[in-house]
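Please keep the sequence and the structure in view while reading.

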Amino acid sequence: MRKIKGFRYAVTLGAAALALSGTAVSAMAASSPAVPAAKTATADTSAAARSYTYLTFKKNAGNPSNSRLSLVYVNMVNPDHPHSSTVDSWRAGSGSGSTNTCARNQGWLPNGEYGIRAFYSNHNGGAHGVNGVSWLLSDHKCHNGTWRTDLFIHSEMRPNGTQGPSTGGDSPYRWDGNGDYKSNGCIKLKPADIRQLMGYRANLPKPIKLFVS
């Protein structure tokens with residue numbers, strides 16, 4: 001990838017996107033312009049104010065803990081011809097290794113659209129919960145009607161974002177390696193990556209949707 005105005009840039013050809021209202025926009029052009037400067041992307045007085053971002057999670061059936069979470073920017077400077085580009089992408093996992101979307105606390109997330117209900121910079125879920133930087137997702141039904149609940153995008157850290165001490169075992173407050181990409185169904189990133197995702201909130205519209213496929 002090449003750097004353009006501070007963002008790592010990759011074009012998503014023919015991607016479909018949804019407007020913040022939830023209505024579908026038209027199919028996107030094959031070529032996409034560079035992500036605009038932050039002042040343009042967030043300017044309240046221009047058409048770019050209607051530009052938006054969303055997240056995608058692409059599952060890897062061969063290795064669920066080596067899937068991809070991406071941040072996508074939709075340029076609405078010309079509302080009749082929106083353009084989509086991938087701002088950044090990270091390795092992420094979902095589930096304990098099971099591809100059964102109906103297995104609570106084990107299987108990876110069902111495909112579909114999720115709302116992002118809240119963002120936390122210092123979530124405190126305790127030793128058995130989610131801590132630090134995290135996004136709360138909406139509940140979702142799997143194919144047999146089972147509800148998947150208490151879903152987050154998160155990492156492993158203390159509530160204040162620091163790493164806990166090495167315990168010689170698997171600490172919920174410390175990222176110990178690739179095994180930590182596994183989860184009870186949530187999407188997990190390593191600490192450096194989730195902080196990078198959080199950093200885009202300063203200069204880009206905040207995502208309110210996640211699409212899992």
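Asn-131 counts as buried, at 2% relative accessibility; the term buried means under 20% relative accessible area, exposed means over 50%, and partly exposed covers what lies in between, with a 1.4 Å probe and protein chains only. The model is a predicted one, in which local features need pLDDT of at least 70 and side-chain atom pairs count only at pLDDT 80 or more, while totals for chains, interfaces and linings use all residues. Residues are numbered from 1 along each chain as its sequence is written, and side-chain values use heavy atoms, with hydrogens and water left out.

Asn-131 belongs to strand β7; helices (H or I, at least four residues) and strands (E, at least two) are DSSP runs numbered from the N terminus. Leaving out neighbours within four places in sequence, Asn-131 has contacts with His-123, Asn-124, Gly-125, Gly-126, Met-157, Arg-158, Pro-159 and Tyr-173, where contact means heavy atoms within 4.5 Å. Between the C-alpha atoms of Asn-131 and Tyr-120 the separation is 8.9 Å, and these residues are eleven residues apart along the chain.

Ser-134 is also placed in strand β7. Is Ser-134 buried or exposed? Ser-134 is buried, because its relative accessible area is 0%. Beyond residues up to four places away in sequence, Ser-134 touches Ala-118, Phe-119, Tyr-120, His-123, Phe-152, Ile-153 and His-154.

## Strand pairing around β6

Strand β6 (residues 112-124) is joined to strand β7 (residues 131-137) by six bridges, and the two run antiparallel; strands pair if DSSP finds at least two bridges between them. In this pairing, Ala-118 stands opposite Leu-136 in β7. The two strands form a hairpin with six residues between them, and Gly-126 in the turn has a positive phi of about 80°.

Strand β6 also pairs with strand β12 (residues 209-212), in the antiparallel sense and over four bridges. Here Gly-115 is opposite Lys-209 in β12. In a regular strand the side chains alternate between the two faces of the sheet.

## The chain as a whole

The protein chain contains two helices and twelve strands, arranged along the sequence as β-β-α-β-β-β-β-β-β-β-β-β-α-β. Of its 213 residues, 46% are buried. Among contacts between residues at least 6 apart in sequence, 60% join residues at least 24 apart.

## Pocket and cavity

On a 1 Å grid over the protein atoms alone, a cavity is a set of points where a 1.4 Å probe fits but cannot get out, and a pocket is an open set with protein on both sides within 12 Å along at least five of seven lines; lining residues have an atom within 4 Å of a point. Grid points are joined across faces, edges and corners, and a volume is the space filled by probe spheres set on the points.

| Space | Volume | Lining by class |
|---|---|---|
| Largest pocket | about 540 Å³ | eight nonpolar, ten polar, seven charged |
| Largest cavity | about 50 Å³ | seven nonpolar, no polar, one charged |

For these classes, Ala, Val, Leu, Ile, Met, Phe, Trp, Tyr, Cys and Pro count as nonpolar, Asp, Glu, Lys and Arg as charged, and the others, Gly among them, as polar.

The largest pocket, of about 540 Å³, is lined by 25 residues, of which His-128, Gly-129, Val-130, His-154 and Asn-184 are the closest to its centre. The elements that give two or more residues to this lining are β9 (147-148) and β10 (152-154).

There are two cavities of 30 Å³ or more. The largest cavity is lined by Leu-71, Trp-135, Leu-197, Tyr-200, Arg-201, Leu-204, Pro-205 and Pro-207.
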